[in-house]
Structure formats: structure tokens, C-alpha cells
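User: I'm new to this one and would like a walk through it. Could you take me around, one question at a time?

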Amino acid sequence: MADNRYDAIVLGARCAGSPTAMLLARKGYKVLVVDRARFPSDTVSTHLLHPPGVAALRRWGLLERLTATDCPSIDTYSFDFGPFTISGSPGTGDTPVAYGPRRTVLDKLLVDAASAAGAEVREGFTVKDVVIEDGRVTGVRGHSNGGRTVTEHAQVVIGADGRHSHVARAVQPEQYHDKPQLLCGYYTYWSGLPMEGRFENYIRPDRAFAAWPTHHDLTLVIGGWPFAEFEANKGDIEGNYLKMFDLAPPFAERVHAAKREGRFVGTAVPNFFRKPYGPGWALVGDAGYNKDFITAQGMHDAFRDAELCATALDQTFSDRSPFDAAMERYQSTRDEHVLSMYEFTTQLATLEPPPPELQQLLAAMHGNQDAMDGFARVIAGVISPVEFFSEQNIGRITSQARATTHA
Ligand SMILES: Cc1cc2nc3c(=O)[nH]c(=O)nc-3n(C[C@H](O)[C@H](O)[C@H](O)COP(=O)(O)OP(=O)(O)OC[C@H]3O[C@@H](n4cnc5c(N)ncnc54)[C@H](O)[C@@H]3O)c2cc1C
């Protein structure tokens, strides 16, 4: 058996990796977390953090550090479908708001929290190999920039290394609920585009775009088209991006009056679940479950994984549960929690017009504040689509709409 210097090695130090390392270190375990990036570091991702993600930061004692960075809060989500707009409050009494923190700020805060909890953080460290002995992952091999190659061993290696996960490539986990890339999204930052605490979303045939405020008085604007148009549009991202806004003239006017402050960044992602554990390894965040970014679930999903996985590993390390049983609970809790949102997200990401029943329901919601808040909370990941679109709730919303029409 390898000599385990660490209880856990976490590969990747962003939304999934640093919180996992922090939570394990807070329980007293010896944790090494490595990332080839040096923080503060940006990444290809927009960064709407819905209220459940904000609630996780509060539970971990980190929310005040975020609010101290002058990150504007977001208290209203609006969805402009063309004929009408649904506008609601995304949060709960405890956590009423969302934030849009730059990843340079948020990820640095998380890395620092892992370090403050006692985890050893190695930035600028690239993992080249996952070490597997007798079918069990026992460590990682890698190097710092320009440094010699070293091997580190642990009871568990946790892949928090994103959707192209090196750990997943090494252990080849079962992959399920696969769906292909559905849309491509492009974003940049604008000054002079005030949002007044609003996340605005515009839904049009084959197009969707959204805007929300972030640090330094900037507004992030992301827009996308179906993946089938990737080839046709890739030669003129700026032209196609700006043309989209003509589908919502008042928004186009605001963008025309604003100033672009960054380059265009964009991508398309596949959709999948992976079994997140096996002998000597675990996966958290995008490495274990990846979905289109249209509903912006990735960061709070990564936070939830961190809590579930750290709890399961704590039970294992402290001999309260066998590894497989504890990790199976992590996997089933994760899957049960996200599956209906995954289906909803991947449906939205097709950018096909909502089916007629949904269009009728959306029209019925318009003007009904409770229902509009409910819809905003679905997108925020606060209420599950299954609950919101239950027969009982749909019945309630449509009968309220009928009563209002006949009043
Ligand atoms: C265009 C786009 C927009 C998005 N918008 C939102 C949004 O608004 N809100 C939201 O919640 N989510 C959003 N997401 C999703 C979100 O970015 C991810 O879900 C989240 O970043 C996942 O975090 P993670 O820690 O699992 O992985 P990542 O953020 O991918 O981090 C993985 C880390 O692992 C490191 N790493 C990988 N391999 C190695 C190696 N071999 N050696 C060393 N280090 C390694 C990388 O350097 C990286 O820092 C968006 C995604 C995209 C692509």
C-alpha cells in the first residue's frame, strides 16, 4: 500500500474543489488541493450565483467576504417572452438575492478559504497522471511550473477538475443521461448598461440572451443560438451577437448606448452525469455532472456536491460508513436533486419555442406575483421544476388566471 501523506487530494481549486477541500480540512483531515491556475484567475464561464449558492456561502461563513467586494446584489429575475414579461423574486426569506461575482473574485475567495481551513494549496501545479495501483487510485503525479515531477498519495483523489476531468479520463466512470451540445453562448462585459438589481432574460425563437450586473459597474451580457448554427455563425460572432438584440428593441437601444469593455468569450458544452466514485476516487462539480449553462446552475451545483461529498468522505474516514455506501448516498442525493432541472435545462437549451401548454401556462402566470416568483425560483434552483409544474400547481395558476379574467 502507498504511504498516504494525505487523507484527500483534490484536483481543481474552483467552485467544486476549494469548498470540498475546505470542508474536509475543517473536519480535521489532511488535504492537498492543486490547480494549474494561479489565483486570482478567470475562466470561461459567466457567473450568476443563484440564492442557493449564496446560502452555501453564508453557511460556510464566506458571504460577508463576498459582499465586502462591492458585488451588486440581484433581487429580480425577469423573463421577456416577447408578448409578455414574467418578473419575480428568485430567493427565499433567508436568502432573497443572487449575485454575479467575477470568477477572479469568487474563486480566489474560495481558494483562500480552503487554505485558511488548513488545506495545503498548490497553485500553478499541473497533474499529468492519476496513479492507479491494483485497480485503485492512490495518488497523482504532476509538477509545478518548471519544477520536477512529484508523486503524492492519498486515501482518496477527488476530481474537481471540470468537464474535461483528468480523473474521469483515468478511471472511465459510467456516464449516463448523455445529451449533445445544444447551444453555443457568447458573452462580454459592458459599461453604461445599468441593471438596477435585475437579471434580465430574453427568449426568442432560436435565440436567448441575458444580462446582469457584476463588479466594477459592469454588466455581463450573454447570448446564444442553437449549436446547429455554430459553423455558420462562428466567422462573425460580434455581428451575430449584436443582431440578436434587435429581437428586443428596447434592450438593443440600451446596448447601443453602452460601451463594450471586454473581448467575446464563448463555448458550447455537452450534457452528462458520471458515476462520482469508485476505488480511491471521487468526482465533484462539472467533472461529475455537466449541463448547459442556460439556467446557470453549475456553481451552486458544485457547492452542493462539495457538501455531499465531504460529508460522505467524513463518514468513511471516521469509520461510520463503508466508502461505497456513503458515496452511493452522495450520488443518489445529487441525482434526485438535479434530474428534473437537468431535463428542464436541456429542453430550454434547444431554444425551441415552449410547447403550447407551457406557453399557455406562462401567459396565465403573467401578472400573478406568486406564480411569477415561483417561476423565478425554478430558474434559481430554489424550487424544482417537478414541484412547480405539478398538476396541482398548474391547476392553481390557471384557475387564478380564469378568476382574474372573469372578475
Ligand atoms: C459559458 C459558460 C457560462 C456559465 N455560466 C454560469 C453561470 O452564470 N452560473 C453558474 O452557476 N454556472 C455557470 N457555468 C457553469 C460553471 O462555470 C461551472 O459549473 C463551474 O465552474 C464548475 O466548477 P468546477 O470547480 O467543477 O470546475 P471548473 O470551474 O472547470 O474548475 C476546474 C479546475 O481544475 C483545474 N484543472 C483541470 N485539470 C487540471 C490538471 N490536470 N492539473 C491541474 N489543474 C487542473 C483547472 O485549472 C480549473 O481551475 C457556465 C459555464 C460556461 C461554460
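User: Let's start with α9 and α10. On which side does the crossing fall, right-handed or left-handed?
Analyst: Keep in mind that this is a predicted model. Helix α9 covers residues 298-317 and helix α10 covers residues 323-348. Where α9 passes α10, the crossing is right-handed.

User: And how do α9 and α10 run, roughly parallel or roughly antiparallel to each other?
Analyst: Their axes come within 8 Å and cross at roughly 160°. Angles over 145 degrees count as roughly antiparallel. So α9 and α10 are, relative to each other, roughly antiparallel.

User: What classes of residue make up the contact of α9 with α10?
Analyst: On the α9 side you'll find, among others, Asp301, Arg304, Leu308 and Ala312, and these belong to a contact with a set in α10 that includes Phe323, Met327, Tyr330 and Val338. Sorted by class, the contact of α9 with α10 has nine nonpolar, four polar and five charged residues.

User: α10 also packs against α12. Are those two roughly parallel or roughly perpendicular to each other?
Analyst: The axes of α10 and α12 are 11 Å apart, and the packing angle is about 95°. An angle from 65 to 115 degrees counts as roughly perpendicular. Therefore α10 and α12 are, to each other, roughly perpendicular.

User: Which residues make the contact between α10 and α12, and how do they divide by class?
Analyst: From α10 come Met341, Phe344 and Leu348, while α12 brings in Phe375, Val378 and Ile379. By class, the contact of α10 with α12 comes out at no polar, no charged and six nonpolar.

User: Now the second largest pocket. How much space lies in it, and which residues lie nearest its centre?
Analyst: The space in the second largest pocket is about 490 Å³. Its lining has 25 residues, and those nearest the centre are Phe344, Leu348, Pro354, Leu358 and Phe375. Phe344, Leu348 and Phe375 turn up in the contact of α10 with α12 too. So that you have both values together: the space is about 490 Å³, and the central residues are Phe344, Leu348, Pro354, Leu358 and Phe375.

User: Which element gives the most to that lining?
Analyst: At least two residues each come from β13, β14, α10, α11 and α12. By class, the lining has 18 nonpolar, three polar and four charged residues. With four residues, the element that gives the most is α11.

User: Which residues of α11 meet α14?
Analyst: α11 passes α14 in a left-handed crossing. On the α14 side are Ile394, Ile397, Thr398 and Ala401, and the α11 residues that meet them are Leu361, Ala364 and Met365.

User: On to the loops. Which two residues does a cis peptide bond join?
Analyst: Look in the loop between β2 and α2, where Pro40 lies. Omega is about 5° for the cis bond, and the residues joined are Phe39 and Pro40.

User: Last one: what is phi of Asp217?
Analyst: Asp217 is found in the loop between β14 and β15. Its phi is positive, in a residue other than glycine, and is near 60°.

Key:
Residues numbered from 1 in each chain as written. Predicted model: local features only at pLDDT ≥ 70, side-chain atom pairs only at ≥ 80, totals over all residues. Heavy atoms only, no water. Axes fitted to C-alpha atoms, helices over the stretch in contact; angles between N-to-C directions. Parallel < 35°, antiparallel > 145°, perpendicular 65-115°, else oblique. Left-handed = near helix turned anticlockwise from the far one by under 90°. Contact = heavy atoms within 4.5 Å. Nonpolar A, V, L, I, M, F, W, Y, C, P; charged D, E, K, R; others polar. 1 Å grid on protein atoms, 1.4 Å probe; cavity = no way out; pocket = protein on both sides within 12 Å on 5 of 7 lines; lining within 4 Å. Points joined across faces, edges and corners; volume = space filled by probe spheres on them.
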